[in-house]
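Student: I've got a model open and want a quick tour. Can you walk me through it?

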Amino acid sequence: MAELGTMAVIVALILAVYGISITFAGFKFQNDRWILSGKRATLAIPIALGLATLVLVLAFLNNDFSIKYVAQHSSLSMPRIYTWVAFYAGNEGSLLFVAFSLSFVSAIAISRSKISTGNHFAATNLVLLLIIGFFVLVLSVLANPFSQLPSTPVDGKGINPLLTHPGMFIHPPLIMTGLIIIAIPFSNAMGALISGQIDDQWVDSGRFWGLIAWSMLGIGLLLGAWWAYTILGWGGYWAWDPVENAAFMPWLGMTAFIHSIMVQKRRGMFRLWNIVLINISFSLGAFGIFINRGGPVPSVHSFGASTLGWVFLIFLGITVLGSFGIFFYRLAYLKSKTSLESYMSRESSFLVNNLLLLSVAFITLWGVVFPLISELWTGTTLTVGEPFFNKLNGPLLLVLIVLMGVGPLLPWRRSTRKSVINALAIPLLITLVFFVTLLLYKIHKPVALISFTASFFVLASISQEWVRGSISLSKSGGHHNYLISFIKLLSGNRPRYGGYIVHIGIVLLAFGIIGSQFYNLEKDVILSPGQTATIGNYQIKFSGTTTVPFNDRTERTALMEVSKNGTLVTRINAWQALYPSFSMLSTRAAIHSTPKEDIYIMFSELQPDGKSAVFRLLINPLVWWMWVAGPFVILGTLLALWPISRKNIQIETS
Amino acid sequence: MHITQSVLRISLIIFVPFFILSLPTTHAETSQLDNPDSSFENQAINLDNQLMCPICPGETLRQSQTTIAKQMRGIIRNKLANGESPDQIKNYFVSVYGQSILAEPPSEGAGLLAWALPPFAIFTGLFILILTLRAMKKKTPDSIVQSGSLEINTQKQLDPFIAMVDEELKSGRD
């Protein structure tokens, strides 16, 4: 079995090397048959890597502990369902996953391309193959997932208990895939630059795959937050940990990109800037992979850590130097077709959006690398933790939210002051009403008040657009069925209204963050069975623990009764398990979630007497809305991506 | 300058009501401190957030579930109960573990760089943005404006819906 896996990886490497050579030759000597052959190599690589993936999964299912990787990340007592998680729980397996998902998505992107000849296509495919080839090379030389142990152990070490969570089925694959497939819009842009065919051809494909990478990263980050919330047990969901930041920065870059690329699509502007943005995003992605694989900063996400940091540092260096080198080489080609007509236009609001997003990304990057700089510079390491990021990024994110309300109201090209004020009037009025309502409900903390109001303003401005649009469509259609008009409106301009739906998701996320950051209650208590603690309006009674021993762990469940003003609300279980082989205590908080607030109970530890226990109690307002944001982001992205139907194309060409 | 004026005006429109109405809130906030129990616990949690766990990478005391973090949380609460100020407590932990125990860099010495660079970078970015916008606008020769207005017409054909909505927004409520 192991030999088959190794073979498959080597076949993928041969295919990549062949593809790179033949594509390069085809590019150099203008031979379309060679270029086509290179395309076939790209299409074949995922088959080889898919086979390797299959072999590794089967090895896990068969408990083949002769393979070192399987022995390290699985055990006989591991529930079979976690096979898939164990597959990417460590360095080698996750690299195989990254290589496979990149090659798979690349094959789809390459076969979707309408043209498969010529320099532009060849250069795009070449860049993709180089990136895929790099990962396959690392897999076959430095991190073979199929390397075998000299003697087969009876049982494996088992899966890291922190990973036995439903979120782990989707969070890591989404983050890894999202990060790496930035390579696709990146190679589209590079292909355009290298071939010198810098028309706007790469824009459609770049936008399409950019949106897909962006939404995968976004949903992956959200699932990661959910995982942290339920399992890490401090009641929070985001800690500005270096590895979180490493995935957050490319997401910010891609957010800027998917906005800015629309300006090129519609107006032919920002051609230079969009290349810079995709270069930055992919470089940040490469930086993320470097940090995750044994980069020099400490993090809680040390699952994939390895000694391969230097390899990915080289990858990062080549990415940055190569992409910006090509960019400067072709700088003269990148003149915009049209120029800015007015400062008060959607074009310029997108530039402000880009500046803000990149500022957040820069601050985050600075925070990640500053401890290293301080160590090199002064010899003492200074820590850059949560408060730093909250203080510096918080205000910028708030301004971004305000911009999210104003920007969409500005039309393309130009607008007059009067029309802007006209468009803002109703949303601002509704927002003012909301603001007063907040005051009446005793929301008095200034920052929370401003943030809530700004977020609501976004909802008001989107609603106005939708209501006005639906009414005017109904008018012109001569009927009063506003629902039909609304659907027509949405499908009439999918990129725009898909974007609005995503914006609604972001606002819901903001509501959850503001509510839980500013209005949470927190208490650490020691309770004996039968005792009750009070937090906010709730009384929380500890009814006792049950203990169940397993082969690999001892599980303890604390039964908690939550009452509000004397009436029982719910009974929930706070759970913890001691894993001796990992010398690790894994916890699962008891959460009673409602749209208004979460009651969150963490079973910290059992006291030496074996009966009383330490609990962390939290009331987290509005957290529920954060998870609701996910479906909005997915729905909005799908709408924005949905291809234009034939009917609409006819309208375009007529 | 035209752009700064309009930006200023828009931000005034947006923010002034907030600030006026949030003025009385400063009083409301202090009233929360009336409850001595909650203020003690808030102070303690604040400190948990400002100190790192010395052995767990990247986690603050508040986040970490290790024994040492639990012990340090206990020390914080004891010291607070003994009347020590948050700054005294932080200095105590710095004297034991060094500067790296603080969750954010100090605003002096090398730490100052951490705080100073981001605003500097943002303002540089803003400056470049304004210059770029001005340059992009200035270079508009008449020919481009004309082809641009042609583009408006094709734009409308391309996208009847968006044009209709934009029209509607421009005309305002009628």
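Tutor: Here is a short walk through confidence, sheets and helices.

Tutor: This is a predicted model, where local features need pLDDT of at least 70, side-chain atom pairs count only at pLDDT 80 or more, and totals for chains, interfaces and linings use all residues. Residues are numbered from 1 along each chain as its sequence is written, while chains are lettered from A and ligands numbered from 1 in the order in which they are written.

Student: What mean pLDDT does chain A get?

Tutor: Chain A averages 89, and 96% of the residues score at least 70. pLDDT is the predictor's confidence in each residue, from 0 to 100.

Student: Which elements of chain A have the lowest and highest mean pLDDT?

Tutor: Helix α20 of chain A (residues 646-653) is lowest, with a mean of 42. Helix α1 of chain A (residues 2-28) is highest, at 96. Helices (H or I, at least four residues) and strands (E, at least two) are DSSP runs, numbered from the N terminus.

Student: Where does pLDDT stay under 50 in chain A?

Tutor: Over residues 646-654 of chain A. The model has three contacts beyond four places in sequence for that stretch. A contact means that the C-beta atoms of two residues, placed from the backbone, lie within 7 Å.

Student: OK, sheets. What is the strand order in the five-stranded one?

Tutor: The order is β2-β3-β4-β5-β6 in chain A, an open sheet with antiparallel pairing. Strands β2 (532-535) and β6 (584-588) of chain A are at the edges; each has a single partner strand, so one side of each lacks a neighbour in the sheet. On average, neighbouring strands here are turned by 25 degrees against each other, direction ignored. Two strands pair if DSSP finds at least two bridges between them.

Student: How many bridges join β2(A) to β3(A)?

Tutor: Four, and the two strands run antiparallel; β3(A) covers residues 538-549. A:Ala533 has A:Ile540 in β3(A) as its bridge partner. The hairpin of β2(A) and β3(A) has two residues between the strands, and A:Gly536 takes a positive phi near 55 degrees there.

Student: And what does β3(A) do with β4(A)?

Tutor: Eleven bridges join β3(A) to β4(A) (residues 554-564), again antiparallel. A:Ile540 also stands opposite A:Val562 in β4(A). A:Val548 faces A:Glu555 in β4(A). The hairpin from β3(A) to β4(A) goes through four residues.

Student: What joins β4(A) to β5(A)?

Tutor: Eleven bridges, with the strands antiparallel. A:Ser563 stands opposite A:Leu568 in β5(A). Their hairpin has two residues between the strands, and A:Asn565 takes a positive phi near 50 degrees.

Student: How many bridges for β5(A) and β6(A)?

Tutor: Five, in the antiparallel sense, with β5(A) spanning residues 567-579. A:Leu578 is opposite A:Leu585 in β6(A). The hairpin has four residues between the strands, and A:Ser583 takes a positive phi near 35 degrees.

Student: What order do the strands take in the four-stranded sheet?

Tutor: β1-β9-β8-β7 in chain A; this sheet is open too, and the pairing is antiparallel. Its edge strands are β1 (521-527) and β7 (590-593) of chain A, each pairing on one side only. Four bridges join β7(A) to β8(A) (residues 597-606), which run antiparallel. A:His592 has A:Ile599 in β8(A) as bridge partner.

Student: Switching to helices. At what angle do α18(A) and α19(A) pack?

Tutor: About 170 degrees, with the axes 7 Å apart; α18(A) is residues 494-519 and α19(A) is residues 623-641. So α18(A) is roughly antiparallel to α19(A). Axes are lines fitted to C-alpha atoms, for helices over the stretch in contact, and angles run from 0 to 180 degrees between N-to-C directions. Angles under 35 degrees count as roughly parallel, over 145 as roughly antiparallel, 65 to 115 as roughly perpendicular and the rest as oblique.
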